[in-house]
Amino acid sequence: MIRCIKPCIETEASLFPRDHWYAIVDSRELRRGKVIGARRLGVDLAIWRDEAGQVHATADRCPHRGASLSLGRVRGGCVECPFHGFRFDGAGRCVAAPCNGDEAPRHLDVQAQVLREAHEFVWLWWGEPRASYPELPWFPELDAAYVHAGLMAIEAPIDWMRAVENQLDWAHLPFVHRTTIGVGVAPAMEVGAAVEGDRLDTWQANRVRPDGTPELKISLVFPNIWINPFGGRWQTGMIAFVPIEAGRSRLYVRTYQRRLGIPGLAGLVSRVMNQFNKIILGQDIRVVRSQPQAPTHELKDERLVQSDLAIALFRKELRRRLSQAVSG
Ligand code: FES
Ligand SMILES: [Fe+2]
């Protein structure tokens, strides 16, 4: 079992609600027997997949003399430091020190993180280790009937809170995306939004079906995953907003297709959609990066209007979750 052997890292902790699972990398970025370096939630991590396929993460700093473990290699289920070959297991324990005749020095452990892997994401537990953990966030509607293809990730100098808010913002469509997905969207609108548990739903109250249900409802599941079922039961957009650090994010963007029984078709459509999404996200980033990239949950100098209802709810929910973390 993966466990932290020391309290988890506190860097920038006040900006990310604690006691949550965060999607942090796409599973396909971690090849078997390889280690990568990635900064996540303000922490430099060495993340590796061992020879058996299990993922692990430790601080990317060797406790011997400070080299980056992510420059090393994976050996025997451990990450091996590139400098003097000390090895650390998934719990962060130093298990070998070649210059010591392989006897591992005591008190030379590195901080390990609690991870899970599911839905082709690696998830980081941001909080103290505990005996049992809540379920991973996900969308019950995105079940095994759906498939997606291709890895699409975009990094931008945008705070993760700004990135989330951008995807909860209906009123930007006819302006930022006036040449793409905003064509035909009327600027005047009324926005609905509601929070239930970990899920925030938002919709355009002026765009409803004859039975009164919204034409389209998009959802954030706290803290950092989002869906947009723009293609009804056939096609769903999905984004993980991964904080690299305050003011910088990595967005994993997927388009899930319903399996149609035609080999390769869903994957092919998904790849085409990835290219289209690059254009859409490019339109977003051009404008969103011009906003101040301070965390938004305590902003006092923005004047929200009715169409910002989902954004107001997101900020309120963030304040609640962040204050819980402080007092909890
Ligand atoms: S710095 Fe890592 S083994 Fe020496
Ligand atoms: Fe957008």
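## Basis of the description

Residues are numbered from 1 along each chain as its sequence is written, while chains are lettered from A and ligands numbered from 1 in the order in which they are written. Because the model is predicted, local features need pLDDT of at least 70 and side-chain atom pairs count only at pLDDT 80 or more, whereas totals for chains, interfaces and linings use all residues.

## Overall form

The protein has four helices and 18 strands, where helices (H or I, at least four residues) and strands (E, at least two) are DSSP runs numbered from the N terminus. Its C-alpha atoms fill a box of roughly 75 × 50 × 35 Å along the principal axes. The radius of gyration is 21 Å, which agrees with the value near 20 Å that a compact globule of 328 residues would have; this radius is taken over C-alpha atoms, and the globule rule is 2.2 Å times the number of residues to the power 0.38.

Of the 328 residues, 35% are buried, a residue being buried if 20 or more other C-beta atoms lie within 10 Å of its own, exposed if 12 or fewer, and partly exposed in between, with C-beta atoms placed from the backbone. Among contacts between residues at least 6 apart in sequence, 57% join residues at least 24 apart, where a contact requires C-beta atoms, placed from the backbone, to lie within 7 Å.

The protein is divided into domain 1 (13-126) and domain 2 (146-327), with bounds that come from an automatic or database domain assignment. The centres of the two domains, taken over C-alpha atoms, are separated by 31 Å, and the contact takes 18 residues from domain 1 and 18 residues from domain 2. On the side of domain 1 that touches domain 2, strand E1 (20-26) and strand E2 (34-40) each supply at least two residues, and E1 gives the most, with five residues. That side has eight nonpolar, three polar and seven charged residues; here Ala, Val, Leu, Ile, Met, Phe, Trp, Tyr, Cys and Pro count as nonpolar, Asp, Glu, Lys and Arg as charged, and the others, Gly among them, as polar.

The largest nonpolar core holds 69 residues, of which Ile47 and Trp123 touch the most other members; such a core is a set of buried Ala, Val, Leu, Ile, Met, Phe, Trp, Tyr and Cys residues joined through C-beta atoms within 7 Å. Strand E10 (residues 121-126) contributes the largest share of this core, six residues. Because domain 1 (13-126) and domain 2 (146-327) both give residues to this core, it lies between them. Leaving aside neighbours within four places in sequence, Trp123 is in contact with Trp21, Tyr22, Ala23, Ile24, Leu115, Arg116, Ala118 and Leu136.

## Strand E18 and its partners

Strand E18 (residues 248-258) is largely enclosed by the rest of the structure, because nine of its eleven residues are buried. Strand E12 (residues 153-156) runs antiparallel to E18 and is joined to it by four bridges, and strand E11 (residues 146-147) is also antiparallel to E18, with two bridges; two strands pair if DSSP finds at least two bridges between them.

Strand E17 (residues 235-245) pairs with E18 in the antiparallel sense over ten bridges, and Thr236 stands opposite Tyr256 in E18. The hairpin of E17 and E18 has two residues between the strands, and in it Gly247 takes a positive phi near 85 degrees.

## A four-stranded open sheet

Four strands form an open sheet in the order E5-E6-E7-E8, with antiparallel pairing. Its edge strands are E5 (73-75) and E8 (94-96), each of which pairs on one side only. Three bridges join E5 to the antiparallel strand E6 (residues 78-80), and Arg75 stands opposite Cys78 in E6.

## Two exposed residues

Phe276 belongs to helix H3 (residues 265-288) and counts as exposed because it has 12 C-beta neighbours inside 10 Å. Phe276 and Thr180 are 96 residues apart in sequence, yet their C-alpha atoms are 9.4 Å apart in space.

Glu128 lies in the loop between E10 and E11 and is exposed, with 12 other C-beta atoms within 10 Å. The C-alpha atoms of Glu128 and Arg18 are separated by 8.6 Å, although these residues are 110 residues apart along the chain.

Technical notes: Two residues are in contact if their C-beta atoms, placed from the backbone, lie within 7 Å.
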